[in-house]
Amino acid sequence: MSQNQGFEILLFSYGTLQDSTVQLKTFGRTLIGRQDQMTGYRLSYIEITDPEVLASSGKTHHPIISPGTSAQDNVPGMVFQITPQELAAADAYEVSDYKRIAVGLTSGLTAWVYIKA
């Protein structure tokens, strides 16, 4: 991915932040990204009860990842370049079941991702 001025932060999404409707409501624009994946994590789902998040995503259950138990565990998704303000908006969008950490992706990039808190 090329470096664009103001878009120096990488965010990896495996769930609702890939949805264009959620992106428009959260960031005010649709994001352009590329496919990537992270290894060592497994995907499950949690029930969402926050009314604002439900209104944005339209889904009662969202994917969530946690450390895996097998070397074969991996999670596909998209990596996006975002601004610091957009990262703050993503933090506000995610409910308290999630925490943000930096992870290495299979492409060699390092990105922020939200995992199980």
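Reader: Which residues is S56 in contact with, leaving aside its neighbours within four places in sequence?

Author: This is a predicted model. In it, S56 is in contact with T21, V22, K25 and Y93, once neighbours within four places in sequence are left aside. S56 itself belongs to helix α2, residues 51-57.

Reader: Is S56 buried or exposed?

Author: The relative accessible area is compared with a cut-off: under 20% counts as buried. S56 has a relative accessible area of 15%, and therefore it is buried.

Reader: How do the axes of α1 and α3 cross?

Author: Two helices can be described by the angle between their axes and by the distance to which these come. Here the axes of α1 and α3 come within 9 Å and cross at roughly 110°. Angles of 65 to 115 degrees count as roughly perpendicular, so α1 and α3 are roughly perpendicular to each other. Their crossing is right-handed.

Reader: Which residues of α1 and α3 meet?

Author: From α1 there are V22, T26 and F27, and they meet E86, A89, A90 and Y93 of α3.

Reader: How many salt bridges does a search of the whole structure find?

Author: Side chains of opposite charge can pair when their charged atoms come close. The search of the whole structure finds two salt bridges. One of them joins the side chains of E86 and R29, at 2.6 Å from N to O. This pair links distant parts of the chain, 57 residues apart: E86 lies in helix α3 (residues 84-93), whereas R29 lies in the loop between α1 (20-27) and β2 (33-39). E86 is buried, at a relative accessible area of 8%, while R29 counts as partly exposed at 24% relative accessibility.

Reader: Which residue forms a salt bridge with D91?

Author: That partner is R100, and the closest N and O atoms of the pair are 2.8 Å apart. D91 counts as partly exposed, with 31% relative accessibility, and R100 is partly exposed, with a relative accessible area of 28%.

Reader: How many residues does the largest nonpolar core have, and which have the most contacts inside it?

Author: The largest nonpolar core has 32 residues, and F12, Y14, L17, M38, I65 and V113 have the most contacts inside it. Several elements each supply at least two residues of this core, among them β1 (9-13), α1, α3 and β7 (110-116). Its largest share, five residues, comes from β5. For I65, the contacts beyond four places in sequence include Y14, M38 and V113.

Definitions and conventions: Residues numbered from 1 in each chain as written. Predicted model: local features only at pLDDT ≥ 70, side-chain atom pairs only at ≥ 80, totals over all residues. Heavy atoms only, no water. Helix = DSSP H or I, 4+ residues; strand = E, 2+ residues; numbered from the N terminus. Buried < 20%, exposed > 50% of the residue type's maximum accessible area, 1.4 Å probe, protein only. Contact = heavy atoms within 4.5 Å. Salt bridge = Lys/Arg side-chain N within 4 Å of Asp/Glu carboxyl O. Core = buried A, V, L, I, M, F, W, Y, C linked by side-chain atoms within 4.5 Å. Axes fitted to C-alpha atoms, helices over the stretch in contact; angles between N-to-C directions. Parallel < 35°, antiparallel > 145°, perpendicular 65-115°, else oblique. Left-handed = near helix turned anticlockwise from the far one by under 90°.
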